[in-house]
Amino acid sequence: MKKYKKSKESRVIISELMLPSHSNFSGKIHGGYILSLMDQIAFACGSKHSETYCVTASVDKVDFLKPIEVGELVTMKASVNNVGNTSMVVGVRVEAENIMTGKVKHCNSSYFTMVAKDNKGKSVPVPGLVLENETSVRRFVRSIIRKEDAKARRDRFKASEFELEEHLELLKEYNVKITL
């Protein structure tokens with residue numbers, strides 16, 4: 001009998017105070033540090049859902065919307081948005097709070113595809129996902145569309161099918177020098 005789980009059963013929330021050791025040369029929190037935390041929470045969320053260890057298969061686009069300052073409290077929220085046979089799409093939202101004023105800002109969101117593995121490294125099936133409200137249906141469908149869009153982008157620019165002449169006109173608007 002196939003097992004199904006609700007998203008809230010594997011939801012993970014972590015908070016961490018940002019320290020000077022987390023900052024880059026401009027005094028803002030280093031993006032690589034935030035990505036590392038995001039990967040950790042995606043792992044924890046995917047592992048809770050699958051009840052086994054997971055590996056990161058891909059990370060969808062990450063846009064850093066607002067800088068995070070030293071001294072802010074960063075909170076990351078992760079939930080399973082979509083499942084396949086052995087993989088899950090984990091949505092991660094990053095917020096930073098100024099602990100002096102209480103002001104919270106959304107800093108970024110991204111989607112991690114996590115694959116469930118057994119102790120020999122073989123991919124294993126994951127429980128299905130119970131969609132219990134409009135938000136969970138929207139998130140599941142959004143993941144399907146993102147996957148289809150990514151495949152279309154890959155297929156569009158296959159070297160064997162790329163038509164150079166179709167794209168040269170487009171490049172005239174960019175800061176490039178073409179020396180073919």
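**View 1. Strand 4 (residues 73-83) pairs with strand 5 (residues 87-97) in the antiparallel sense, over 10 bridges.** Keep in mind while looking that this is a predicted model. The two strands make a hairpin, with three residues sitting between them. To get your bearings, find Lys 77, which stands opposite Arg 93 in strand 5.

**View 2. On to strand 6 (residues 104-117), which runs antiparallel to strand 5 and is joined to it by 11 bridges.** Here Met 88 faces Met 114 of strand 6 from the opposite position. Strand 5 and strand 6 form a hairpin too, with six residues between them, and Gly 102 in that turn has a positive phi of about 80°. Eight of the 11 residues of strand 5 are buried, so the rest of the structure largely encloses this strand.

**View 3. Here's one of two aromatic pairs.** The ring centres of Phe 43 and Tyr 53 are 5.9 Å apart and the planes meet at 15°, so this pair counts as stacked. Phe 43 belongs to helix 1 (residues 31-50) and Tyr 53 to strand 3 (residues 53-59), so the pair ties together parts 10 residues apart in sequence. Phe 43 is partly exposed, at 30% relative accessibility, while Tyr 53 is exposed, at 62%.

**View 4. Phe 157 and Phe 162 make a tilted pair.** Their ring centres lie 6.0 Å apart, with the planes at 40°. Phe 157 is partly exposed at 42% relative accessibility, and Phe 162 is partly exposed at 35%.

**View 5. Two charged residues sit over tyrosine rings.** Lys 2 lies over the face of Tyr 4, 5.9 Å from the ring centre. Arg 146 does likewise with Tyr 111, at 3.5 Å from the ring centre.

Notes
Residues are numbered from 1 along each chain as its sequence is written. This is a predicted model: local features need pLDDT of at least 70, side-chain atom pairs count only at pLDDT 80 or more; totals for chains, interfaces and linings use all residues. Side-chain values use heavy atoms; hydrogens and water are left out. Buried means under 20% relative accessible area, exposed over 50%, partly exposed in between (1.4 Å probe, protein chains only). Helices (H or I, at least four residues) and strands (E, at least two) are DSSP runs, numbered from the N terminus. Two strands pair if DSSP finds at least two bridges between them. Rings of Phe, Tyr and Trp (its six-membered ring) pair if their centres lie within 6.5 Å; planes under 30 degrees apart count as stacked, over 60 as edge-to-face and the rest as tilted. A charge sits over a ring if NZ of Lys or CZ of Arg is within 6 Å of the ring centre and within 35 degrees of the ring normal.
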